[in-house]
Amino acid sequence: MSIENKERLWLLSFMAAFLVTVVVGIVITNYQYGGKAYYMTIDNTPTITRVAVPVGITVRGYTYQGTARDAQGQTKKLKFSTNERDTGPFRKNQQVKITVNKNFGVVGYQRVQGQGEPGVGDVYRSLNLTVGKVLPLSALTAITATLLSLLIPLAIFLQKTPDSDAVETATIQIRIINVKVLVYAFTFICFAFLLWGIDSIKIILLLPYSVGVILILSTLVKSVRWITDWSWEPETGFRSIQENKVIKESKLTTNQRKLVWERMLNSDNRIKVNQAGKLVELFDINYQYFDTEGQVWMIETTFRYINEDYSKGGWWNSDFFKYSFEKLLASVQKQTEANTTNKNVSTTAYEYSQEEIVWIEYLNKTCKLIEENGSQQDLIPEAIKSNMKYVDNNKAKEFISNCIFDYCRNSIGLVYQDFGNEWEISYQELIKDEKQNNTQWVLLDTFLNHMRNEMMNDYNTNSHRQYANSNDAIFENLFKDADSILFGRLETLFFTLDVDGENGTDYIAYVRQILLKRQAFGYWQRIWDRAGILTEVQKQSAIEASRTKRQLETLKIGTLIYPQLTSEEAYRKYTIKIQSCFDILIREEKNQEDRASQVLKSKIESLKSTIDRISILQRQIPNS
C-alpha cells in the first residue's frame, strides 16, 4: 500500500470515529432532550422566585403554566421554569415552543414568531442552552483531564537527550510532540474555560475549545503511531516518513540541521535513505538552507560517510554520484555564462569557488576509490554521459578530461569503456574544430600533458616509469582507431627529441639519456583477431590492413600536433638533422657491447624504421 493510501486510510479512520461519536452524541441528546413540540401563548403572570445558577449566585426565576397545543391541535397542561439569564422572561401573548420528553417532561423551550417558527435570536439562545446542558463545565474538565493524563506520560516517555539520536529527537520535538502546538492548544482550552460561565457565548467558546482538543488528539495519535511503529520501512514506516519531513523543515537552525543530517547519514539511517532513493532529494533540500561554509561541511560529511560505507563492502548511490557531477558542472556553467556576459571579466580568468573546489576534491577522491576498489566502475562513465549538457566550457571539459584519464589509469582490470562519442579522439573530430577547444582536443591535450610530464619527471629524477604499459591501455580507450606504437614514436621523434635549434655535445648526451629511458607509451596495440573465421593468409592480410589504417589515422592526428609533419619538405629537413644525431650516437657505441649500448642501438634502429614508415604513409594520406 502506498504512503498516500495509508495516510488516507488513517484520515478516514479518524473521520469515521468522529462521525460515530457525533451520531452517538445525537442519539443520547435526542433521548434526553428530544420530544414532541407544543405551542403555548403566555397569557398570565409568571410566579417569580430566586434560583441558583452554576457560578454560585442567585438570579430571578420565572415559572409559567397553561394549556399548550401540538401541531394536530391536541392540548396538554404544561408547567416550565426559566430565569433572567435563560430564555426569559416572556412578555404577555408571546408564542413559546415547548419540547416535552416522554421520560423527562419539559426539556426545552424557545420563543417563536407568529407562524410558529423561532427567530434568529431565539435559535442562538436555544443553541447556547443546548451546549450548556450537553457540555457543562464538569464535562469539559473531565475531557481535558483525560487528555492530559494520556499526554503527559507519553511526552515524558518519548523525550530523549539531543546527543542520543539527533534525528529521532528532532522528529519527536518538531513533528510528534511540538511544544508550540501544545501551547496553542492549552491557550485555546484555557480561554474557553475562563469564559464558560457566560451562557450567551458558549457556542462561540466551543470553537477554540474544539481546536485545542483536536491539536492534543493529533499529538496523541502521532505519539501512539510513533511508539507502535517497529517496522522502520524506509518509504512506508511512520517514523521514516516523519524523519524525512523533519529534514525538509525550514525552521531548523544551522546546528540542528547539521546534527540531523549527520545522524541521517549514520549507520542504519543511511541504508534506509539509500534504499528509498531519497538521498538526492534530501541532500538538495538541505543544501539550499546552508550558507557556503555549511554547504562545504555538507559535501565533506556526505562523501565521508558514503565512502566509508563503500570501503567496507557497501555500495555507492549512483543517483547521488550523478547528482554530484551535475551540481559541480552546473555551477561552473552558470559562472562561466555570467563571466561571458560581463564585459569587465575575462572568460579565461574564471577561478573555482570554494564550494566548487570542495566538490572537485571529493569527486576526485571518490573516483579514485571506485577505480581502485573495482566495484561499480561503470558509475563514472555513466555520470559523465548523463551530464554532458553542462560540458560547454573549458573548465568543465578540463575536469571531465582529467576524470577520464584518471579512470583509465587507476581502474583495476581495465576494459574498454564508452564515455560517449564526445570523448572519442579521432582525426575527423579534431579537424572540425579550428579553435582546438572541443572535447576531443581537450582530452588529447590532457593525455599528452600527462605523458610528457611523466617523461620529463623520469628524465629529471632518474626514476623508473610505473605506468608505461598501462598508458597504452589508456591510449586504446581514448583514441578511436589510432596506433599506440606509432604515436609513441612520433612523440619521441617530434617532441621529446626535437632538434630544431639544438646543437653540440650537450644535446647528443641529452638524446642518449632520453633514449635509455622507457618512453611514456607505445609498447603494444590492440589488433582484432578473427582467427577461426579467416584462413591464415586472410588473417595476416586483415591484420596488416588494420595496422595500416590505424597508422594512417595516427599520422593524420600527428599532422595537427607536430609542425614537422605539416609538409613533406618540413619532414625531410627535420629527419636529416635527427638522423645525423643518430649516426653520431651509433659511431660512439660501435665497439660497445654492454646492455645500455644494446638498448640504445635497438631504439635508434626502431626510430629510423619509423622515419621510413612515415615517408611511405605520407604518400598515402591524400588518398586515405
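These legends describe close-up views of a predicted model.

**View 1. The protein chain as a whole.** The secondary structure comes to 23 helices and six strands. Of the 624 residues of the protein chain, 42% count as buried. Contacts with a sequence separation of 6 or more come to 68% from residues 24 or more positions apart.

**View 2. The nonpolar cores.** The largest nonpolar core has 101 residues. Phe321, Phe325, Phe447, Phe479, Phe487, Leu497 and Phe582 touch the most other members of this core. A second, separate core has 22 residues. Leu151, Leu154, Val213 and Phe238 are included in that second core.

**View 3. The surroundings of Phe447.** Phe447 is buried. Leaving aside residues up to four places away in sequence, Phe447 touches Phe405, Asn471, Ile474, Phe475, Leu478, Phe479 and Phe521.

**View 4. The ring pair of Phe447 and Phe521.** The count of aromatic pairs comes to 32. In the pair of Phe447 and Phe521, the ring centres are 5.1 Å apart and the planes stand at 70°. Planes over 60 degrees apart count as edge-to-face, so the pair of Phe447 and Phe521 is edge-to-face. Phe447 lies in helix 17 (residues 439–461). Phe521 lies in the loop between helix 20 (505–515) and helix 21 (536–561). The pair therefore ties together parts that are 74 residues apart in sequence. Phe521 is buried, and so is Phe447.

**View 5. The ring pair of Phe494 and Tyr562.** Here the ring centres of Phe494 and Tyr562 are 5.9 Å apart, with the planes at 40°, so the pair is tilted. Phe494 sits in helix 19 (residues 484–496). Tyr562 sits in the loop between helix 21 and helix 22 (568–588). The pair links distant parts of the chain, 68 residues apart. Buried means under 20% relative accessible area. Phe494 counts as buried because its relative accessibility is 4%. Tyr562 counts as buried at 2%.

**View 6. Glu491, a buried residue of helix 19.** Glu491 lies in helix 19. Its relative accessible area is 6%, so Glu491 is buried. Glu491 and Tyr562 are 71 residues apart along the chain. Their C-alpha atoms are separated by 8.6 Å.

**View 7. A cluster of aromatic rings.** Ring pairs link Trp261, Phe283, Tyr287, Phe303, Trp316, Phe320, Phe321, Tyr323, Phe325, Trp359, Tyr362 and Phe399 into a cluster.

**View 8. The crossing of helix 6 and helix 7.** The axes of helix 6 (residues 202–228) and helix 7 (residues 238–247) come within 8 Å. They cross at roughly 120°, and the two helices are therefore oblique to each other. Helix 6 contributes Lys222, Arg225, Trp226 and Ile227 to the contact. Helix 7 contributes Phe238, Arg239, Gln242 and Glu243. By class, the contact has three nonpolar, one polar and four charged residues.

**View 9. Two loop residues with positive phi.** Gln376 has a positive phi of about 60° although it is not a glycine. Gln376 lies in the loop between helix 13 (354–373) and helix 14 (379–386). Its relative accessible area is 22%, so Gln376 is partly exposed. Gln436, also not a glycine, has a positive phi of about 55°. Gln436 is found in the loop between helix 16 (427–432) and helix 17. Gln436 is partly exposed, with a relative accessible area of 40%.

Notes. Residues numbered from 1 in each chain as written. Predicted model: local features only at pLDDT ≥ 70, side-chain atom pairs only at ≥ 80, totals over all residues. Heavy atoms only, no water. Core = buried A, V, L, I, M, F, W, Y, C linked by side-chain atoms within 4.5 Å. Buried < 20%, exposed > 50% of the residue type's maximum accessible area, 1.4 Å probe, protein only. Contact = heavy atoms within 4.5 Å. Axes fitted to C-alpha atoms, helices over the stretch in contact; angles between N-to-C directions. Helix = DSSP H or I, 4+ residues; strand = E, 2+ residues; numbered from the N terminus. Parallel < 35°, antiparallel > 145°, perpendicular 65-115°, else oblique. Nonpolar A, V, L, I, M, F, W, Y, C, P; charged D, E, K, R; others polar. Phe/Tyr/Trp six-rings, centres within 6.5 Å; stacked < 30°, edge-to-face > 60°.
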